[in-house]
Amino acid sequence: MPKFAANISLLFSELPYLDRFQAAAAAGFEAVEILYPYETAAKETQRALMSNGLELLLINAPPPNYTGGEPGYAAIPGGEDRFQRDIRRALRYAEVLRPGMIHVMAGYEKGLAAQETYIRNLQWAADRAPEQKFTIEPLNSGDQPGYFLDDYNLAVEILDAVDRPNVGLQFDAYHAQMIHGDAAQVWDAFSTHAAHIQIGAAPARSEPGTGPMDFSALFNAIDESGYAGWVSAEYTPTTKRTEDSLGWMS
Ligand SMILES: O=C(O)C(=O)[C@@H](O)CO
Ligand SMILES: [Mg+2]
């Protein structure tokens, strides 16, 4: 069985932000992700992590409150200055919070110029912080119409062109299923590029077991592939209390 982490931007969101850490630890998690930690002083989040013995796996860049809600500027031609400011800001948080990964959001743009910009910006980020791991994640176009990175083949093309050891693929089983129709097949095809895994059940992005996806088969495939990292639960629980949605973990 893979080792499971909690994305506390979605899980435990029935609780105030700083209370989610204790709830995640009490539910047995040893690691968490926070999509956007930027509204709280980094020291406060650091205290919450440390006092609950939690590892921080991942944050997103950029902060949406800072960008007016745009999911990134990495693939926006002409947005390079803004992108670099975003990454510097994320890195200032990362200095305190020490996330294993920063997911770099691409933004809404399509075409060759966007692709070239994305590649150059990712190289810039990777070279600016060679010790920091960065990820890119395809998001399905039903949830994110017009988002640049909406396909796993494209993600691998980008990673090959970026060609930096500290930039990898974030495999999200929910998005993989929504984009390509079979998350397990996507995992088989692209697992060698995976730096991180997130899970949620299509079509509602709910907990495993609430849709047609076969998570036992997926977890077996993940184990068999030799992937040794975390598998982070990133879904909206169908239950009132997140704890009541965790039956799939056993
Ligand atoms: O939507 C997802 O899936 C994510 O992992 C987020 O990082 C996008 O905000
Ligand atoms: Mg995800």
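## Buried or exposed

A residue is buried if 20 or more other C-beta atoms, placed from the backbone, lie within 10 Å of its own, exposed if 12 or fewer, and partly exposed in between. Arg98 counts as exposed because 12 other C-beta atoms lie within 10 Å, while Phe12, with 25 C-beta neighbours inside 10 Å, is buried.

## About the model

This is a predicted model, where local features need pLDDT of at least 70 and side-chain atom pairs count only at pLDDT 80 or more, while totals for chains, interfaces and linings use all residues. Residues are numbered from 1 along each chain as its sequence is written, with chains lettered from A and ligands numbered from 1 in the order written. Mean pLDDT (the predictor's confidence in each residue, from 0 to 100) is 95 for the chain.

Most residues other than glycine have a negative phi, and most peptide bonds are trans. Now look at Phe12: its phi is near 60°, and it sits in the loop between β1 (3-7) and α1 (20-26). Arg98 has a positive phi too, about 50°, in the loop between α4 (80-97) and β4 (101-104). Then there's a cis peptide bond joining Ala202 and Pro203, with omega about 5°.

(Helices are DSSP runs of H or I, at least four residues, and strands are runs of E, at least two, numbered from the N terminus.)

## One face of α8

Helix α8 (residues 183-190) has Ala183, Val186 and Trp187 as its buried residues. Seen down the axis, they fall within an arc of 100° (taken from the directions from the helix axis to the C-beta atoms), so they line one face of the helix.
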